[in-house]
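Visitor: Please take one part and go through it closely. I would like to know how it is divided, how its pieces pack, and what it touches.

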Amino acid sequence: MSALTIYLPLDSAAVAMGADDVADALSAEAAKRKIELKLVRTGSRGMHWLEPLLEVEKDDKRIGYGPVSEDDAAALLDAMIGNGKQDKNVGPVEEIPFLKNQTRLIFARCGIVDPVSVPDYQSHGGYAGLDKALKMDSAAICEEVMQSGLRGRGGAGFPAGIKWKTVAGAEADQKYIVVNADEGDSGTFADRMIMEGDPFTLIEGMTIAGVAVGATQGYIYLRSEYPIAARVLNEAIANARKAGLLGDNVRGSGKAFDIEVFMGAGAYICGEETSLLNSLEGKRGEVRAKPPLPALEGLFGKPTLVHNVISLCSVPAIFEKGAAFYRDYGMGKSTGTMPFQIAGNVKQGGLYETAFGVTLRELVEEIGGGTFSGRPVRTVQIGGPLGAYLPPRLFDLKMDYETMIEHGAGVGHGGLVVYDDGINLADQARYAFEFCVEESCGKCTPCRVGSVRGVETVDRITAGVDRDKNLTVLNDLCELMVDGSLCAMGGMTPIPVQSAVKYFPEDFGIKPALKAAE
Amino acid sequence: MTLSSLIEPFVGRTGGLISALHEVQRVHGFLPDDTEAEAARAFNLSRAEVKGVISFYHDFKRAPQGKTVVRLCAAEACQAAGGRDFIKSVEEKFGLKMGETSASKDLTLEPVYCLGLCSTAPAAMVDDRLVGMADTGKIEKALERAKKESAS
């Protein structure tokens with residue numbers, strides 16, 4: 001009998017739910033029964049409520065079992081070898097509506113392939129994009145990115161093509177590609193998942209960018225909270241080098257490009273691109289004033305293309321399938337797909353990649369299935385600690401850059417944190433300031449001092465001390481931080497605060513304004 | 001290994017100072033007092049510059065930590081999933097506040113701001129062991145395993 005091949009994620013979320021223990025138990029049980037077992041550790045499918053989700057191939061379909069535990073090992077082996085029934089069987093994985101209804105351009109391979117196997121990546125369409133790009137000149141590659149309409153997925157939504165053209169046009173003896181993998185926003189894990197589950201997508205995207213702008217060295221600035229991602233990335237990079245996909249002669253093109261992983265040291269602010277560059281130079285991660293733009297004077301003063309992980313992971317599909325194909329997804333000026341991350345108090349948490357234009361209600365209530373506590377959803381915070389808290393009456397808004405901005409919110413990195421009605425938004429406003437106190441780099445006063453004053457002011461409001469006056473102070477303080485801060489840390493901390501006051505005034509002891517007598 | 005032999009290999013590398021500090025901490029569990037002077041000498045920086053870097057990053061510890069470090073996520077997604085109560089219950093269970101180390105030096109409790117496990121919140125990390133949908137029971141189990149591993 002040939003070896004029994006089973007797939008089990010090495011993804012952090014699966015491991016946190018016990019995947020490594022399941023792997024050990026299965027191996028031990030198989031050894032006891034003298035069954036030859038081939039255990040492939042993959043990325044996660046992104047259906048985290050089913051983790052650890054074990055898969056086995058049957059009649060060309062992957063059949064899933066989840067969430068499994070180490071105690072299930074014997075029963076699982078019975079079920080997989082014979083036709084034994086097992087109550088954790090969830091059927092063909094790709095037919096589960098959560099997965100079936102997605103549009104996976106970025107995460108197409110995640111959860112399917114062995115993350116560090118070059119042959120696996122290539123047999124699933126990998127490197128088709130780079131091969132096309134290598135036949136084009138720099139200007140044509142940048143134009144293709146421009147035409148795709150791709151915008152930076154880190155939060156700001158800046159058109160990627162413009163950035164690429166700027167770096168490509170800069171004259172310098174050395175240029176860099178720097179990947180911002182300092183995914184510190186709570187509620188987001190798309191970067192982590194792709195780096196753990198399909199790192200070659202990032203490597204290929206970086207290589208295309210390097211070829212386009214004339215950079216020979218790339219760095220992945222990875223947060224230290226992601227040790228599994230570090231391990232997988234380093235292994236994948238080493239394998240890419242061995243296969244001639246990185247190095248002095250990328251794919252025989254005569255062009256050089258290589259990548260190094262750099263480990264951050266636990267500072268949220270280093271997700272801000274200029275702070276990140278200082279940190280990558282081995283310095284304090286203090287923010288730099290802009291201009292000069294990093295595209296012209298970035299790492300060590302050289303032209304640097306700084307991109308979020310998901311922005312670069314969108315690139316291979318754009319080249320493989322063409323800019324026009326990519327642009328057809330999405331709405332308005334928000335083209336392509338976005339991996340939304342559904343987190344917090346939610347029944348079916350995980351990653352859902354789909355075109356822009358999906359509504360919050362669909363994501364939270366239909367796809368996410370509402371809260372796991374069974375209580376009504378009170379609010380969703382979109383886009384991390386610097387994102388707005390929106391009330392259910394705005395859940396029919398479509399998720400795209402412009403619509404969100406119109407409502408004082410932002411798509412950010414696509415993270416959605418769901419809260420039930422047990423949450424008090426004054427607590428969350430206070431926390432937004434507390435977090436800024438903790439994580440401010442200290443360079444500019446509005447952020448460093450404003451955050452401390454913010455905590456004090458919220459405390460006075462909730463204690464009922466001169467409530468109206470202090471609400472005015474809070475509003476002034478927020479305006480000052482928005483206008484006077486050097487970067488988004490101080491400049492956007494007011495977003496969660498002001499959205500909390502605006503949409504949930506009752507939590508701040510504000511009585512609804514009396515309606516005019518009818 | 002001496003401090004300088006840990007630090008030297010990183011001189012001249014991109015962001016070498018931070019990588020060197022990581023390496024010293026990996027070996028010693030914290031940054032011993034001489035790290036500052038040794039790193040300043042190796043990288044040709046002032047001690048003030050090195051101190052500035054060490055003090056900037058949460059990861060770098062200037063005092064020994066407990067034998068086991070339990071990091072509890074204090075960020076929003078975990079708050080939404082009962083994280084505040086979870087943290088309180090862990091603090092009560094071990095008689096420690098966040099940021100404190102037990103008198104026996106066995107255990108340190110520490111906040112962390114996001115482990116990327118937001119869909120299986122609340123999240124925690126016991127040394128290098130990740131814990132999803134965490135409760136005090138799961139933390140105790142992970143601690144037992146950590147103890148067993150260090151004993152074997």
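Guide: Domain bounds here come from an automatic or database domain assignment. On that basis chain A, the part to look at, is divided into domain 1 (4–100), domain 2 (123–326), domain 3 (329–420) and domain 4 (425–508). This is a predicted model, in which local features need pLDDT of at least 70 and side-chain atom pairs count only at pLDDT 80 or more, while totals for chains, interfaces and linings use all residues. Residues are numbered from 1 along each chain as its sequence is written, chains are lettered from A and ligands numbered from 1 in the order in which they are written, and side-chain values use heavy atoms, with hydrogens and water left out.

Start with two of the domains. Taken over C-alpha atoms, the centres of domain 2 and domain 3 of chain A are separated by 26 Å. Contact means heavy atoms within 4.5 Å, and 23 residues of domain 2 of chain A are in contact with 25 residues of domain 3 of chain A. The size of an interface is often given as the accessible area lost when the parts come together. Buried area is that loss, found with a 1.4 Å probe and summed over both parts. Between domain 2 and domain 3 of chain A the buried area is about 1700 Å², and carbon and sulfur atoms give 58% of this.

Next come the helices. Helices (H or I, at least four residues) and strands (E, at least two) are DSSP runs, numbered from the N terminus. Two packed helices are described by the angle between their axes and the distance between the axes. Axes are lines fitted to C-alpha atoms, for helices over the stretch in contact, and angles run from 0 to 180 degrees between N-to-C directions. Angles under 35 degrees count as roughly parallel, over 145 as roughly antiparallel, 65 to 115 as roughly perpendicular and the rest as oblique.

In chain A, the axes of α7 (residues 138–148) and α10 (residues 199–213) come within 8 Å and cross at roughly 130 degrees. That makes α7(A) oblique to α10(A). A crossing is left-handed if the near helix is turned anticlockwise from the far one by less than a right angle, and right-handed if clockwise; α7(A) passes α10(A) in a left-handed crossing. On the α7(A) side A:Ser138, A:Ile141 and A:Cys142 take part, and they meet A:Ile208, A:Val211 and A:Ala212 of α10(A). These residues divide into five nonpolar, one polar and no charged. In this sorting Ala, Val, Leu, Ile, Met, Phe, Trp, Tyr, Cys and Pro count as nonpolar, Asp, Glu, Lys and Arg as charged, and the others, Gly among them, as polar.

A second pair in chain A is α19 (residues 445–462) and α20 (residues 467–484), whose axes come within 9 Å and cross at roughly 160 degrees. The two helices α19(A) and α20(A) are therefore roughly antiparallel to each other, and their crossing is left-handed. The contact includes A:Pro446, A:Gly450 and A:Ile461 of α19(A), and A:Leu471, A:Leu474 and A:Gly484 of α20(A). By class, the contact has 10 nonpolar, seven polar and three charged residues. The loop between α19 and α20 of chain A holds A:Asp466. Although A:Asp466 is not a glycine, its phi is positive, about 40 degrees.

Two peptide bonds in chain A also deserve a look. The one from A:Glu51 to A:Pro52 is cis, with omega near -5 degrees. A:Pro52 lies in the loop between β2 (37–42) and β3 (54–58) of chain A. The peptide bond from A:Gly66 to A:Pro67 is cis too, with omega near -10 degrees. A:Pro67 is found in the loop between β4 (61–65) and α3 (73–81) of chain A.

Notes
Buried area = accessible area lost by both parts, 1.4 Å probe.
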